[in-house]
Amino acid sequence: MINKIIHKQLNVIRQTNMPDYDREVAGFSWDAARALLGWFPDGKLNIAYEAIDRHLQNGNGGNVALRWIAKDGSRKDFTYRDLSEMSNRFANLLRSLGIKKGDRIYSLLGRVPELYTAALGTLKAGCVFCPMFSAFGPEPIKSRMEIGGANVLITTRKLYKRNVEAFRNDLPELKEILIIDGDGSDGGLRNLTALMAAAEEDFRIEAMAPEDTALLHFTSGTTGKPKGAVHVHEAVVAHHITGRIALDLRPDDIYWCTADPGWITGTSYGIIAPFTNGVTMIVDEAEFDVNRWYQILAEERVTVWYTAPTAIRMLMKAGSDLVKSRDLSHLRFMASVGEPLNPEAVIWSADTFGMPFHDNWWQTETGGIMIANYASVDVKPGSMGKPLPGIRAAIVEKSDNGVREITKPLGIGELALQAGWPSMMRGYLHEDERYRKCFSNGWYLSGDLAMRDSDGYFWFVGRSDDVIKSAGHLIGPFEVESALMEHAAVAEVAVIGIPDETAGEIVKAFVALKPGYVPGEDLRLDLIGHARKRLGPAVAPKDIAFRKNLPKTRSGKIMRRLLKARELGLPEGDISTLESDEQ
Ligand code: 6R9
C-alpha cells in the first residue's frame, strides 16, 4: 500500500456533481435517483427513451449525442434527434420483420454507428439487446447465440462469413441476419441499410415494466459455458446516477469511453449513462494507438475520459512527453475500470495530467459502478475507492450459517454488496442454481477478494476463482480448454492466467498430448493457430507448454491453481487431494 494521498482542491470539489460524499451517502435514496428520469405513465419506462428521446422533449434534440471517428480519421456527428430517428427506423424495421417484444437481437460489429442505433432501436421495440465482441471467433459466438436464443443478428458480411455461416443452421431460433454492408443478393442475408431507408421515422416507444429484460451480457466463470447476465430496464436508474456522481458527467461534457460495447463497460458507460446525462460522446472505431488517443483527447477537447488499466499502462510506457506536448487543458476527470490499477499509474497520471485516474470497481453482474474514487474525494493510489451512495459494501467470510462480515480494518475476505440496487443482474439465463449461489444472507458475493481500511476505502486483493482477466476482458479457462480439446493431438489441457506487466494477465495453456504426438514448436504453433481460429485473438492463449500429465485431484479435476503456483514459483499450498502428477 502506498501512503501518499492525492488531495482534492476546494475549488475542484465545489464544482463537482457531488461535492460532499458523506452527505450524499446519508441522504441518498434510490427513489430520488428514480425521480431524475422521465418515466412513462403507470410506472413504466424505457432505457432508450431516457437516453435519447427525453432530451428531444426537453428541447435538446439538436445537441450532438455521438461524434463518431472512423478508422480513417474522418468524423461524423449525430444529434440526439438523429439518433432518435435512426433508432425509430430500426425499431420499425424489427417490427416489419415480425420481431416481437422480448425477442433477442444480437450484434457482432465493430464500433460503427449502426451498433448504437441498433442497440437503442432494439430497446425501443422492447426487445433484448446482446452485444458481442467483433474480435470473437466462432466458438464464443456460437455458445452465446445458443444460450441466449438469438432471433436476429446484425453484423458485417466478412464477420458473418468468417464466424457465423458454418453454424447458422444449428440455431433454430435465429430468424434474421442483417448485414450492414450487404447488397441484398446474399442468400438469406438482409441488407440493413436498405431496410433502414425504407422504414418509418416515427415509432411509439414500448412502455416497459421496470423488471422487463433489456440487456443480455455474457461473462465467464471458472467452469461451464459463459453465463448470460440478465439486466432490466430499471437498470437505467443506476446507470444515470453513477454517470452523474461517479463519472461526474454533465450535459456540456465531451465524454470518451474507450470500451467496446461487447464488454458491459461499453454499454453501461459507452451508451446508456452518457446519453441519459445528455453529453456529447466520442466513439473511436479504431483500436488503441498512443498517438491517435492523445490526438483525439486534444482535438475533440475531451473533458471526461473513462478507460482501462491495460491502456493506461501502455500510455505510461510511451512516456509523459507525449502528454505534455499536447493541449489537454479541457480534461477535468479521468476514470478507469476493469482490473487493478497500479498505484504507480495513479501517481504517474497525477504528475503527468495534473489529475489522477480515478479507479472504480464493478462487474457484469452489478451492471453499474459500485465502488469508486469520486471527483470530490481524496484518492489513495491503489485503492478502488468507496462504495457508491445507496450501496452497502462489505468484506465477508464464510460462517456456519452463510457469511458474516469482517469488520476489522484490512481483514481480507470476499467483497460483498447488499443486494437490491436497480442495475443488479436479475439472473443468469437458464442457470438459476448458479445465480442463487451468488447470494448469502442478503449479500451478493462478488467472487473477488478485497479489504477495507479504517477510512472506508476498498482495496482489491485478487479473485477467488480461476477466471482470467486479460487486457480488461474476463476469460473463462473452461472455454479456452474446450476449444483446445477439439484438436486431434490434445489429451488434456489446463488454462491459467500468467501475470503480465501490460495486460495484467495473459492466457497460458498446459497441454498433455495423445499417444503418437510429439511436443515441438510446429505443434505448439499449430495449437495456437487452432485456438485463434476457434476463439478469436482476444480469447486464445498466447503461450502453450507441453506436459506429460496435468496435476489432478482424486476426483479428476485438473488443479489449475497448482500449475499456476509452479509456474510462478509460489508455495504449492494444500496438495492433499493431488493424484497423478508425473511431469
Ligand atoms: C466492469 C467489469 C469484473 C471483474 C471483477 C474484478 C475485475 C473490475 C476492477 C477489477 C481490480 C478494479 N475488476 N474492476 N479488479 N480493480 N477497479 O470489469 O466487468 O468484465 O464482469 O469483470 O473485473 O475481478 O470481478 P467484468
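User: Which residues line the second largest cavity?
Analyst: This is a predicted model, where local features need pLDDT of at least 70 and side-chain atom pairs count only at pLDDT 80 or more, while totals for chains, interfaces and linings use all residues. Residues are numbered from 1 along each chain as its sequence is written, and side-chain values use heavy atoms, leaving out hydrogens and water. A cavity is a set of points on a 1 Å grid over the protein atoms alone where a 1.4 Å probe fits but cannot get out, and lining residues have an atom within 4 Å of a point. Here the lining is Ser220, Gly221, Gly224, Lys225, Pro226, Gly476 and Glu479.

User: How many charged residues does that lining have?
Analyst: Asp, Glu, Lys and Arg count as charged; Ala, Val, Leu, Ile, Met, Phe, Trp, Tyr, Cys and Pro as nonpolar; the others, Gly among them, as polar. On that scheme, the second largest cavity gets 1 nonpolar and 4 polar residues, and its charged count is 2.

User: What volume does the largest cavity have?
Analyst: Volume means the space filled by probe spheres set on the grid points, which are joined across faces, edges and corners. The second largest cavity comes to about 40 Å³. For the largest cavity, it's about 50 Å³.

User: Which element gives the most to the lining of the largest cavity?
Analyst: Helices (H or I, at least four residues) and strands (E, at least two) are DSSP runs, numbered from the N terminus. Strand E8 (213–219), helix H10 (235–245) and helix H11 (264–276) each supply at least two lining residues. The top contributor, with 3 residues, is H11.

User: Which residues does proline 210 contact, leaving aside neighbours within four places in sequence?
Analyst: Contact means heavy atoms within 4.5 Å. With those neighbours set aside, proline 210 touches Trp39, Gly43, Leu45, Val232, His233 and Glu234.

User: How far is a polar side-chain atom of lysine 469 from an oxygen atom of the ligand?
Analyst: The ligand is surrounded by 18 residues, the closest being Asp359, Asn360, Gln363, Thr364 and Asp448, where surrounding takes a heavy atom within 4 Å. A polar side-chain atom of aspartate 448 lies 2.8 Å from a ligand oxygen. For lysine 469, that distance is 2.9 Å.

How values were computed: 1 Å grid on protein atoms, 1.4 Å probe; cavity = no way out; pocket = protein on both sides within 12 Å on 5 of 7 lines; lining within 4 Å. Polar contact = N/O pair within 3.5 Å; in protein donor to acceptor, adjacent residues only side chain to side chain.
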